[in-house]
Amino acid sequence: MKSKRVSVIVISALFILGGCSSSADQVVETPNITETDTPDKQIESPETNPEQTHEEILAQVTSAIETDVKLMLPEDIFVGEGYLTATTASSKNNYEVNYYVTNVPIPVNDPTLYDAHPYMIVNGTRYDSAASAKAKINYQPINDGAQKVDLGNGITGYQDAGAGSTFLTWHEGRWSFSMRNRNSEAGSAKMNDLAKEIVAKLENQLLPAPQKIGAAMFDMNSEGAAANSFMWQEEEVVYEVYTVDPLLLVDTVTDQMK
């Protein structure tokens with residue numbers, strides 16, 4: 001059978017994964033996600049693929065998951081002119097979906113996707129107890145000694161620096177928000193501008209209400225799907241969403257997660 005080269009579109013931007021903290025030495029747990037130095041990952045795919053609608057792909061993702069964890073998945077994902085596809089993995093206490101955007105239709109869970117780099121990652125994990133689930137949330141405290149930054153809409157951020165990076169933290173309800181960028185005047189300004197955009201969005205868009213705590217992390221020094229994340233607790237379950245675009249991430253978690 002003939003095959004052709006298929007490009008999995010990885011939308012790159014200098015946004016990161018990681019947590020912001022008053023201490024530059026804090027270690028933040030990150031998912032084991034492989035990044036790439038090239039913008040396109042080339043994979044082999046059959047010459048002819050059955051084209052499915054966006055809605056059919058999303059429905060197929062849901063039906064492919066077998067788990068006892070209550071599913072939280074995006075009802076829609078923006079893909080521009082590309083084609084949405086995904087790989088799924090699940091067990092009794094965990095599920096994970098890696099979403100991809102390709103230039104031709106690729107079936108869900110097609111083996112050609114396994115070495116590609118995801119556009120968005122969504123997972124849910126059930127722990128032994130609510131206390132164990134809470135311990136997995138990278139909630140960041142406020143450092144009252146840090147420099148105050150007016151983020152608009154009555155929200156104050158707290159900024160400090162160390163080890164070549166500048167950090168910004170703020171709280172909204174039960175959520176902590178943490179951000180990191182290079183320690184420079186330009187890096188600080190870009191970080192504060194992004195924080196203000198996020199705060200403005202959240203004036204009109206509702207985040208999930210965690211039963212205990214939630215954490216959002218934006219690392220402007222990193223690339224790939226692991227760059228930005230939301231994680232929150234619902235009883236003994238932790239839900240996580242990762243993607244390269246921080247504003248798309250906010251829109252997905254506030255408007256699309258059902």
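**Entry 1, strand S5.** I began with the partner of Val122, and in S12 I found that its bridge partner is Val241. I note at the outset that this is a predicted model, and I read the pairings below with that in mind. Turning to the strands themselves, I recorded that seven bridges join S5 to strand S12, residues 237–243, and that the two run antiparallel. I then looked at strand S4, residues 94–102, which is joined to S5 by six bridges and also runs antiparallel to S5. For a residue in this pairing I picked Asn94, which stands opposite Thr125 in S5. I next checked how covered S5 is, and found that six of the seven residues in this strand, which spans 120–126, are buried.

I moved on to H3, residues 185–201, whose 17 residues reach 25 Å from the first C-alpha to the last, close to the 24 Å expected at 1.5 Å a residue. I listed its buried residues as Gly187, Ser188, Met191, Asn192, Leu194, Ala195, Ile198 and Val199. Looking down the axis of H3, I saw that these buried residues fall within an arc of 165 degrees, so they line one face of the helix. On the other side of H3, I noted Glu185 and Lys190 as exposed.

Which elements do the buried residues of H3 pack against? I found strands S6 (147–150), S7 (156–162), S8 (165–172), S9 (175–182) and S10 (214–219), together with helix H4 (246–256).

Key:
Residues numbered from 1 in each chain as written. Predicted model: local features only at pLDDT ≥ 70, side-chain atom pairs only at ≥ 80, totals over all residues. Heavy atoms only, no water. Helix = DSSP H or I, 4+ residues; strand = E, 2+ residues; numbered from the N terminus. Expected span 1.5 Å × (residues − 1). Buried < 20%, exposed > 50% of the residue type's maximum accessible area, 1.4 Å probe, protein only. Arc of directions from axis to C-beta. Contact = heavy atoms within 4.5 Å. Pairing = 2+ DSSP bridges.
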